[in-house]
Structures are given as structure tokens and as C-alpha cells.
Amino acid sequence: MERREFLKKAGKVAAVAAGVGAGCAKAKEAPKQAVTKTYEWKMVTTWPPNMPVLQTGAERFAKRVEEVTSGRIKIKVFAAGELVPAMGMFDAVSEGSVECGSGAAYYWGGKTPAAQWFTTVPFGLNAQGINAWFYSGGGLELWEETYAPFNLVPRPQGNTGVQMGGWFRKEMNSMEDFKGLKMRIPGLGGKVIAKAGGTVVLLPGGEIFTSLERGVIDATEWVGPMHDLRMGFYKAAKYYYYPGWHEPGTCLEVVFNKTAYDALPRDLQVALDAVAAETNMWSLSEFEAGNGAALQELITQHNVNLVRFPESLLDSLRKMAKETMEEEASKDPVARKVHDAFKKFQEQVGIWGSVSENAYYNVIADKFNLKM
Ligand code: CA
């Protein structure tokens, strides 16, 4: 078919598709209607009300979407428990009772084991690495593939950066110290601690401080200095260990109901994707700025003992983490595929990070008297 003839035919098809049988005036109205159509959406999150960066980040996302789309998409945000319980987010968005949600993929390991790789992996990629995997290494396509059977479209929406290793009531000198240690540490990190002989205790956020203070647990991890300071853990445990080998770059997610997302005009889909990416950058920046300041406060005002895990202990944990990841990957063919892709990507970027960011951090660490 000649191009001109094709365009003519295509034009006719478009006019019919827009519901216009005859009349130019109506044909011109149709696209205008499509542009002015507005969408009133609901978002449920896994975060407690007002939780800095996590819940406030979800609220910021909604506000920015409304601004960017000139009010064509309005999203009303509900914190955990306000509309559905925290762990009900995935199902609510999947079933379409709400259009979107904010959380972290590792909460959904019970739905699909592969989900765990899209948040963070013990001794895996840091924030810079996981963003590189998502945006430039095929990671996001794999995440979309993993969530497609649940009618969900995922996007990275934030990152905590490397977390802290946790608060311990005693010094951790060797692997022996993990035997019988009662620690609040969820997810894959918890599986590694269990392998090391520890007892993993799962507690809701509100009960952690009291349990640590009373010695019901010997240790807990949470997020990083900014969030840990708010929880007051320094009053209950003497030793603040780093680095957070178990969560080296925890990615937060926004998920859309696929039917709702697919029904949007293309420009609104692009707006959602762009604001998610912008929120991802904003979140990491908030953590970077807030954690640095909070760490200084913990050291100078609360006399916290900042301690690095001994190298031999990290080596042992790294071996156990490797075994744990292989075990998890063996549970499911999708998890196997995602694990292999993640591993391959980490091997590809690993050496570069050591000679660039890591070498540079080591150089400036001398200046701050924090030899690594
Ligand atoms: Ca954590």
C-alpha cells in the first residue's frame, strides 16, 4: 500500500474508533475530551502514618503526579491500616479495589519468591547498583515480568541507601556470638542470621524498643541513623554496628493496577513513570542528607559506640548469604531467572564500584577520622 493511501485509511479508522460516524466538528471534539478526562485514584501503602521519607514519599508522589498532570490524575493516599492492613497492599492493587500502592517488594516473597530480589539482597547491589540494574541493565523488565501474573506494574520509587547493621546489647566479635542471639531482622537477612545460629524474632515496629530495652531481644536492625534515632534505640543498646550487609540498598516500590495503568493515555503513563523516577532520586537524597546528620548526633550527643563488623565475621556471613540466595532461587523458576540475572549484573559492575566510589570514600574517610 502506498504511504499516502495508508495514512488516509488510517485516518478513517481513527475517526471511527473515536466514535465519530460523520461530521468534522465531532471528530475534533473527541481528542479534546480524551485530554480533559480526569482520574481519581486511591493509593494504599505499607507505611505507618507520617513515617518520614517512606509514607511522606508516597504522599509526595501523589502531589507531584497531580501537579505534573495539571490535575488530570488525583491520588488519595492511605497509610497502613487506614483502608487495608499494611500487608494487604499487594492484593488490594492486584484485585483493583485501589489503583496503586507503595511498599517494598520483599514483603511479597510469599506470593512470588522472585519479588525479594527487587528490594535488596544481602551482600548484593547498593542503591547506585540496583538503580543501574533497573534502568540500564534489564532489571525493571524482569520485575514487570514477575508482577504481570498479578496484574501489577511496578516502578522503583525510593531507596534507603546502605542501611545500618543494627543495635546490639553486646559486642559481636566472632560467629560464635550469633549462636542463640535473639534478633529482630526480617527477610533474607533474617534467614542468614538463622543459618548462623541466631533466633529471628519478628516484631511490629511499635514493640521493638521495649523488647530491646527489656532484653527480650538482644539486637535489632531498623533502617539507618535518621529513622533509628527517632526510635530511640541508643537508649536500649550500646553498640551500633555497620555496615548493613543484609540491606545494602533497599528499594521502595510504587505499583499500579495494570488494567488501570493500561487504560491511561500514553502521556499520563509517562507522567507516572517520570514522577516515580523523580521520587526515587528524592528519596535517596533525603536518606543521604538525613542519615549523615543523624549519625553525627548519635555519636556526639548520645555517645553511641559506632562499630564495624569484624572482617572475618562479614566473610562468614557473605558465604551464608550466598547459600541462602541459592536456596531461595531453587524454590521457583522465576526466582532462579531473576537471581541469575542479578548475579550476572552484580559481577559486571562490581570491580568498577571498588575503584570508583569505594576508593573515593576510603580517601575521604581519613579526613573524618573514620578509617574503614
Ligand atoms: Ca531494615
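User: Which residues line the largest cavity?

Analyst: First, a caution: this is a predicted model. The largest cavity is lined by Tyr106, Thr120, Pro122, Pro186, Gly187, Leu188, Gly189, His246 and Glu247. Its volume is about 50 Å³. The structure holds two cavities of 30 Å³ or more.

User: What makes a space a cavity and not a pocket?

Analyst: A 1.4 Å probe fits in a cavity but cannot get out, whereas a pocket is open. The second largest pocket holds about 820 Å³ of space. It has 34 lining residues, and Trp47, Tyr107, Arg184, Pro186 and Trp222 are the closest to its centre.

User: Which elements give two or more residues to the lining of that pocket?

Analyst: Those elements are α7 (187-195), α8 (205-213) and α9. The most comes from α9, with three residues.

User: What makes Gln163 a donor of the calcium ion?

Analyst: Distance does. The protein donors lie 2.2 to 2.8 Å from the ion, and OE1 of Gln163 is one of them. Water is not among the atoms, so the site may look incomplete.

User: How are the donors spaced along the chain?

Analyst: They follow Q-x57-E-W-x24-E. Glutamine 163 sits in the loop between β4 (152-159) and β5 (166-168), and glutamate 221 in the loop between β8 (219-220) and α9 (225-231). The pair therefore ties together parts that are 58 residues apart in sequence. Both glutamine 163 and glutamate 221 are buried.

User: Why is isoleucine 217 called buried?

Analyst: Buried means under 20% relative accessible area. Isoleucine 217 has 0% relative accessibility, so it counts as buried. It belongs to the loop between α8 and β8.

User: What is isoleucine 217 in contact with, beyond its neighbours within four places in sequence?

Analyst: Contact means heavy atoms within 4.5 Å. Isoleucine 217 has such contacts with Arg169, Lys182, Arg184, Val201, Leu203, Ile208, Ser211 and Leu212. Take valine 201: it is 16 residues away in sequence, and the C-alpha atoms are 7.6 Å apart.

User: How do you know that the span of helix α3 agrees with its number of residues?

Analyst: The expected span is 1.5 Å times one less than the number of residues. For the 14 residues of α3 (residues 55-68) that gives 20 Å. The end C-alpha atoms are 20 Å apart, so the two values agree. Serine 70 follows α3 and has a positive phi, near 50 degrees.

User: Which residues of α3 are buried, and what do the buried residues pack against?

Analyst: The buried residues are Gln55, Gly57, Ala58, Phe61, Ala62 and Val65. They pack against β1 (39-45), β2 (73-78), β3 (100-103), β4, β10 (251-257) and α11 (266-302). Glutamine 55 has a relative accessible area of 0%, so it is buried. Leaving aside neighbours within four places in sequence, its contacts include Trp47, Val77 and Phe78.

User: Why do β7 and β11 count as edges of their sheet?

Analyst: The sheet is open, with six strands in the order β7-β6-β8-β5-β9-β11 and mixed pairing. β7 (199-200) and β11 (305-308) each have a single partner strand, so one side of each is left without a neighbour in the sheet.

Conventions. Residues numbered from 1 in each chain as written. Predicted model: local features only at pLDDT ≥ 70, side-chain atom pairs only at ≥ 80, totals over all residues. Heavy atoms only, no water. Donors = N, O, S within 2.8 Å, 3.2 Å for Na, K, Ca; no water. Helix = DSSP H or I, 4+ residues; strand = E, 2+ residues; numbered from the N terminus. Buried < 20%, exposed > 50% of the residue type's maximum accessible area, 1.4 Å probe, protein only. Pairing = 2+ DSSP bridges. 1 Å grid on protein atoms, 1.4 Å probe; cavity = no way out; pocket = protein on both sides within 12 Å on 5 of 7 lines; lining within 4 Å. Points joined across faces, edges and corners; volume = space filled by probe spheres on them.
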